[in-house]
Amino acid sequence: MNEPINKIAVLTSGGDAPGMNAAIRAVVRACTYYRVDCIGVYRGYQGLIEGDFKNLSARDVSNIINKGGTILKSARSQDFRTEEGRKKAYENLKKAGIGALVIIGGDGTFTGGLKFIQEYNFPIIGIPGTIDNDIYGTDRTIGYDTALNTVVEVIDKIRDTASSHNRLFFIEVMGRDAGFIALNTGIGAGAEEILIPEKDLGLERLVDSLKTSKENGKTSSIVVVSEGDKIGKNVFELGDHIKEIFPDYDIRVSVLGHMQRGGSPSCSDRVLASRLGVAAVEHLLDRSSGVMVGVTNNQVTTVGLNKAIKMNNDIDKELLKVAEITSV
């Protein structure tokens, strides 16, 4: 930690998210600005173990800010879960003269980084990159805004079909055990009901809501379901169950899946990624380690990786109220 940092490596790990390339670009160009070499690590922690490194200059990251995915690729590494794997990764970093590491990803990525710090006291800063927005210590994660826009656009198209055919659509969105995507896109797309894991509405409440919608003259409905919702085992079984209760409903199920991760990042995600990429490099050069950079109240902040992993963001109760009021 007391040695001068002349080389900083950057990697992406876990699920890809729009804006990761913008974050990579910002890290590389911040290194260039502060006259520090930057090394790209391909395929996440597996690339650390295999020494899959490449020198990155400011020109190497030209024209990537608008691209989805990650130019450094991403992979889950079982080897990094072992002491032998982490030892090999450390040896490769030291052999390459790398003095610090920026990791871009979610809680799995941060868990691996925290373990590495504990074993080798190696300087690491985390950048939250996940569409789920389920990382504590930041108002927004990289990729979240783009995913919201993608989902709303798709639901708008589905609603055209629902209205044309008097159909009830159950639309499952990503989020694991967090309902941020479902809640915000449900409100933004005017869904009649939103099912999220943080607030178990129960099957009876859903049935009552659909009955009320029908009595109010609604001929088509959209129900947005977070993949972690606990009402049914899966959205298809939920659709089948509702069909038994409302046999006259023409029910369809759409699982949006990985399309939510793809696409060109929004302006908001590009700016967020750029801010956090620069902040990560600056914190490393200021001898900070073991923290994640995020944005709170539009200010760049830091939180310990241990807190980012263990703690959860609360769902916005005001948004729950708004969803209930605007769905009548």
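**Stop 1: a parallel pair**

Select strand β6, residues 167-173, together with β8; the two pair in the parallel sense over six bridges. Helices (H or I, at least four residues) and strands (E, at least two) are DSSP runs, numbered from the N terminus. Two strands pair if DSSP finds at least two bridges between them. Phe169 stands opposite Ile222 in β8.

Before moving on, note what you are viewing: this is a predicted model, in which local features need pLDDT of at least 70 and side-chain atom pairs count only at pLDDT 80 or more, while totals for chains, interfaces and linings use all residues. Residues are numbered from 1 along each chain as its sequence is written, and side-chain values use heavy atoms, with hydrogens and water left out.

**Stop 2: the rest of this sheet**

Three bridges join β7 to β8, and the two run parallel. Look for Ile194: its bridge partner in β8 is Val224.

Which strands make up the open sheet, and in what order? Four strands form it, in the order β7-β8-β6-β9, with parallel pairing. The edge strands are β7 and β9 (250-255), each pairing on one side only. From one strand to the next, the twist averages 15°. Angles run from 0 to 180 degrees between N-to-C directions, and axes are lines fitted to C-alpha atoms, for helices over the stretch in contact.

Next, show helix α7, residues 202-215. Helix α7 lies across β6, β7 and β8, at about 165° to β7.

**Stop 3: strand β8 from both sides**

Select residues 221-226. Is β8 mostly covered or mostly open? Six of its six residues are buried. Buried means under 20% relative accessible area, exposed over 50%, and partly exposed in between (1.4 Å probe, protein chains only).

**Stop 4: Ile155**

Jump to helix α5, residues 144-165, and pick Ile155 within it. Ile155 is buried, at a relative accessible area of 0%. Leaving aside neighbours within four places in sequence, Ile155 is in contact with Ile171, Thr185, Ala189, Ile222 and Val224. Contact means heavy atoms within 4.5 Å. Draw a distance from Ile155 to Gly188: they are 33 residues apart in sequence and 9.6 Å apart in space, C-alpha to C-alpha.

**Stop 5**

In soluble globular proteins, nonpolar side chains tend to be buried together. Here the largest nonpolar core has 63 residues; those with the most contacts inside it are Ile8, Val27, Val102, Ile104, Ile127 and Ile222. Another core, of 24 residues, lies apart from it and has Leu48, Ile103, Phe116 and Met292 among its members. A nonpolar core is a set of buried Ala, Val, Leu, Ile, Met, Phe, Trp, Tyr and Cys residues joined through side-chain atoms within 4.5 Å.

**Stop 6: the seven-stranded sheet**

Move to the open sheet of seven strands, in the order β3-β2-β1-β4-β5-β10-β11, with mixed pairing. Strands β3 (53-56) and β11 (299-304) stand at the edges with a single partner strand each, so one side of each is left without a neighbour in the sheet. The twist averages 30° from one strand to the next.

Highlight β5 (residues 124-128) and β10 (residues 291-296). Two bridges join them, and they run parallel. Gly126 stands opposite Met292 in β10.

**Stop 7: two loops**

Most residues other than glycine have a negative phi. Select Arg35, in the loop between α1 (20-33) and β2 (37-41). Arg35 is not a glycine, yet it has a positive phi of about 60°. At 78% relative accessibility, Arg35 counts as exposed. Then select Lys73, in the loop between β3 and α3. Lys73 also has a positive phi, of about 65°.
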